[in-house]
Amino acid sequence: MEVLNEISQALQNGDADLVGEKAQEALNLGVSPSNILSDGLLKGMGIIGAKFKNNEVFVPEVLIAARAMHFGLNVLKPILANTGVKPFAKVVLGTVKGDLHDIGKNLVGMVMMGSGLEVVDVGIDVHEDKFIEAIKEHKPDILALSSLLSTTMVEQKTVIDTLIKEGLRDQVKVMIGGAPVTEQYCKDIGADGYATDAVSAAEMARKLV
Amino acid sequence: MLIVGELINSSRSMIKDALEKMDSTLIQEIAQKQVEAGAHYIDVNCGTQVYNEPEIMAWLVKVIQDKVSAPLCIDSPNPKVLKAGLSSINNNYQPMVNSITAEAKKFSEVIPLVVEYKVKVIALCMDDSGMPKTTEDRLRIADRLVNDLVSAGVKEDDIHLDPLVQPVSFDSQAGVAVLETLLKLKEQYPRVHKICGLSNVSFGLPTRKIINQTFMIQTMTAGMDSYILDPLDKKMMGFIYASQALLGKDDFCMNYIAVHRKGLYTE
């Protein structure tokens, strides 16, 4: 359908206003919101993600595509809510205790939102108890933990251990990331997934749920 | 101008492999090459060795010293690792520590080492409220760092303030915030040095080397006088010497001419 292609294309171009207009136009034409989401918005974001991995597009282009996604989602959200569909997986995201790095985490948050995930960002220097509170309050599908320091990555393990102690480990998938973190470390501490960049993180989050 | 050679860092796969095999020859070779290429300090970072970072740091320091006569920059967020590195140094050069910050806990843990070992110290402009975003954030934290370091007995000449360079791909104002900070710091603390790494700024962009080189020239013009970089990058080093000459920091352009004679500018 032409309008869906136009949405996908406008999203890839980062043209937020046009994405919003075209999403509205599609609704007026009677296209279902879930169809607009999957065959328009998410299709465009998927193409951006693939091109990013292939070094054909770069971080600023991913960010403006994610912003355009928001404009589209804002048009769809009220209608999706009315239909009672729970459309997106929810992620609680934060940087662990003792670590103040925020750029990587923010980038992951933006791309996740741009991939249709609902993101609750609990900030930087987050104590494990605060993560537990956030899980009880927001009931996310995924907990994403960022750490940029070799001295704080051990806190990712602390959070996982606390989840086990609180009996919450089965309720949530745990993803970890950050410069010193490796696939091996992810296995060592019993996390469910590790990603090297924001786009991979968003893809992994969608895969885990 | 002070160049800290950044290549001995375990986040680089070549170094990580060398550490796993305890390959001292490769480590020594890289240290030697950096000094020959004009590095004044050799940065030593083994941050990926999460389970035995202090031991590996001590080993690295010993191995490098056995071969190379140069001052070392001990690089870790962990005070125990800094201590392990500093206490293993037995040459007569003044070491450098990378890094201290204005975070209360971090500052109190690292300052005794800075004082005890009389080191040069890289002071990152971040505090307990997080990473700086604006010029004002950076200046406020820099002010506190300089005051606290000087009160603890550190000489201004031994302080290298790092304004924290962030990716311009993420925030279009990230580069200019650093340049504005440098201009202000030059007025407020003319005797305090300013240092930064050059790769953060280009994160997320294509052809990163061009951004890194351009940012080096811009920051040096605004008052940066030390860098953490890859001294084997001939293009970057070539621009450093040329910039120094053009900024009046190279009497009679003798350094520039010398590196030309050594072949720095031949492809």
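Author: Buried area is the accessible area that two parts lose on being put together, summed over both. In this predicted model, chain B and chain A bury about 1600 Å² between them.

Reader: What makes up that buried area, and which residues of chain B supply 34% of its share?

Author: Carbon and sulfur atoms carry 74% of the area buried between the two chains. On the side of chain B, Pro77(B), Met131(B) and Phe170(B) supply 34% of what that chain buries against chain A, more than any other three residues. In terms of contact, 22 residues of chain B meet 19 residues of chain A.

Reader: Why is the pair Lys133(B) and Asp102(A) called a salt bridge?

Author: The cut-off is 4 Å between a side-chain nitrogen of Lys or Arg and a carboxyl oxygen of Asp or Glu. For Lys133(B) and Asp102(A) the closest N and O atoms are 3.0 Å apart, so the pair is a salt bridge. The count between chain B and chain A is one. The side of chain B that touches chain A has ten nonpolar, seven polar and five charged residues.

Reader: Happy with that! Now, how do you know how α3(A) and α4(A) run relative to each other?

Author: Their axes cross at roughly 170° and come within 11 Å. Angles over 145 degrees count as roughly antiparallel, and therefore α3(A) and α4(A) are roughly antiparallel to each other.

Reader: Which kinds of residue make the contact of α3(A) with α4(A)?

Author: The contact has 17 nonpolar residues, two polar and no charged. Among them are Leu41(A), Met45(A) and Phe52(A) of α3(A), and Val62(A), Met69(A) and Leu76(A) of α4(A).

Technical notes: Residues numbered from 1 in each chain as written. Chains lettered and ligands numbered in written order. Predicted model: local features only at pLDDT ≥ 70, side-chain atom pairs only at ≥ 80, totals over all residues. Heavy atoms only, no water. Contact = heavy atoms within 4.5 Å. Buried area = accessible area lost by both parts, 1.4 Å probe. Nonpolar A, V, L, I, M, F, W, Y, C, P; charged D, E, K, R; others polar. Axes fitted to C-alpha atoms, helices over the stretch in contact; angles between N-to-C directions. Helix = DSSP H or I, 4+ residues; strand = E, 2+ residues; numbered from the N terminus. Parallel < 35°, antiparallel > 145°, perpendicular 65-115°, else oblique.
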